[in-house]
Amino acid sequence: MPLAATNDMQPAIMTENLVRRFGENIAVNNLNLTISRGEIFGFLGPNGSGKSTTIKMLCGLLSPTSGQARVAGIDVNKDPEYIRSKIGYMPQKFSLYEDLTVTENIEFYSKLYGVTGHAGNIRKKEVIELVGVGKYHKHLGRELSGGWKQRLALCCALVHNPEIIFLDEPTASMDPVARRELWDLLFSLASSGVTLFVTTHYMDEAERCSSVGYIYNSRLIVSGGPDELKQVREVVGQDNQRYEIACRPLVASFNIIKAIEYVEDVTIFGQALHVVVPAHINEHQLRHDLHSAGIALQSIRPIEPSLEDVFVTLTKANIKYDEEMRQNRLSSLRPAPSGVAHVR
Ligand SMILES: Nc1ncnc2c1ncn2[C@@H]1O[C@H](COP(=O)(O)OP(=O)(O)OP(=O)(O)O)[C@@H](O)[C@H]1O
Ligand SMILES: [Mg+2]
């Protein structure tokens, strides 16, 4: 029996102190998330930080060690079976039936979800058209490229018309054009009211989400809208300024700049460096000091933090915190550094 009827006013996903342990290892540590309906939520974090484990718990495939989670209004602890009928799940390693055709793969998932009869045929046609796999309908699973396999996986995850879809690194093996096309598809799904929970390592994809969460070492360290996160106090201090500096050679310059006494942070971003200095060091002074240090400066300009800056800064703050905790220099009462702790 369903725990609660689906209600449009309820968030699509809500977790409260959700924990998953594997033996001594904590894969997900006290996760608190609220995701509204129709949202595209991007879930980011380094390898092994707990993203897939979170998704598996929310899909009712892995039971939480403790804590609560409701997905489409249903308690994951009480009715995981019912949740599976309400959601679509595209796992990180989706296993297609390689020796079945595209049509047969879709047919298999349709039967699994009870999408049959006349209405079922209409739905199948609809998703095949939406995802664009029709032109390959006679191809075997093993004959598809990585990107088309992902699309077929999405098609199979959508066939039962789920209200929430979990996509675990859906674009991992895709070229830039295929990635963009998949995102266009995700936007059209979201505009029709479907909620999307997407893990990714790509910052440009994170920027496209309506809200994002960043998990580090099993803890959610920040969540909120991409623009909101760029205002996080720990990242945009009143007393420092971030510059984009183009100079050559990049790596040698990185090491020289890092050694300048007042420089708070340096990161390589593509062909340039992002450098954080105290606010009292103005651009003129910085130019002068870079020149004196032997840097062949091409350009310099003050910039706002990017989403990657936000994650890098907060991760560094958390690493420092963990290190200090290990050395027992902090009171156990001091909270871990974090940014905005909510999702709209
Ligand atoms: N079935 C399992 N048994 C034991 N440990 C596991 C299991 N599944 C995950 N873990 C551990 O839990 C932690 C989180 O893993 P998880 O797969 O959730 O990370 P992730 O963020 O999805 O990483 P990636 O970006 O590499 O996909 C890791 O330390 C991993 O080794
Ligand atoms: Mg994973």
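1. Two strands count as paired if DSSP finds at least two bridges between them; strands (E, at least two residues) and helices (H or I, at least four) are DSSP runs numbered from the N terminus. On that basis, 6 strands form an open sheet with mixed pairing, in the order E6-E7-E8-E3-E9-E10. E6 and strand E10 (219-224) are the edge strands, each pairing on one side only. Direction ignored, neighbouring strands of this sheet are turned by 15 degrees against each other on average.

2. The model is predicted: local features need pLDDT of at least 70 and side-chain atom pairs count only at pLDDT 80 or more, while totals for chains, interfaces and linings use all residues. Residues are numbered from 1 along each chain as its sequence is written, chains are lettered from A and ligands numbered from 1 in the order in which they are written, and side-chain values use heavy atoms, with hydrogens and water left out.

3. Within the sheet, strand E7 (residues 164-168) pairs with strand E8 (residues 195-199) in the parallel sense, over 5 bridges. Ile165 stands opposite Leu196 in E8. Helix H11 (residues 307-326) packs on the sheet and touches strand E3 (40-44), strand E9 (211-216) and E10, contact being heavy atoms within 4.5 Å. The direction of H11 makes about 150 degrees with that of E10. Axes are lines fitted to C-alpha atoms, for helices over the stretch in contact, and angles run from 0 to 180 degrees between N-to-C directions.

4. The magnesium ion (ligand 2) has Ser52 (OG) and Gln92 (OE1) as its protein donors, lying 2.0 to 2.2 Å from it. Ser52 lies in helix H1 (residues 51-58) and Gln92 in the loop between strand E6 (87-90) and helix H3 (102-112), so the pair ties together parts that are 40 residues apart in sequence. Donors are N, O and S atoms within 2.8 Å of the metal (3.2 Å for Na, K and Ca); water is not among the atoms, so sites may look incomplete.

5. Ser52 is buried at 17% relative accessible area, whereas Gln92 is partly exposed at 35%. Buried means under 20%, exposed over 50%, and partly exposed in between (1.4 Å probe, protein chains only).

6. Strand E11 (residues 240-248) pairs in the antiparallel sense with strand E13 (residues 272-278) over 6 bridges, and with strand E14 (residues 296-303), also antiparallel, over 7 bridges. Asn240 stands opposite Pro278 in E13, and Tyr243 opposite Pro302 in E14.

7. The protein chain is divided into domain 1 (13-224) and domain 2 (240-303), with bounds from an automatic or database domain assignment. Their C-alpha centres lie 41 Å apart.
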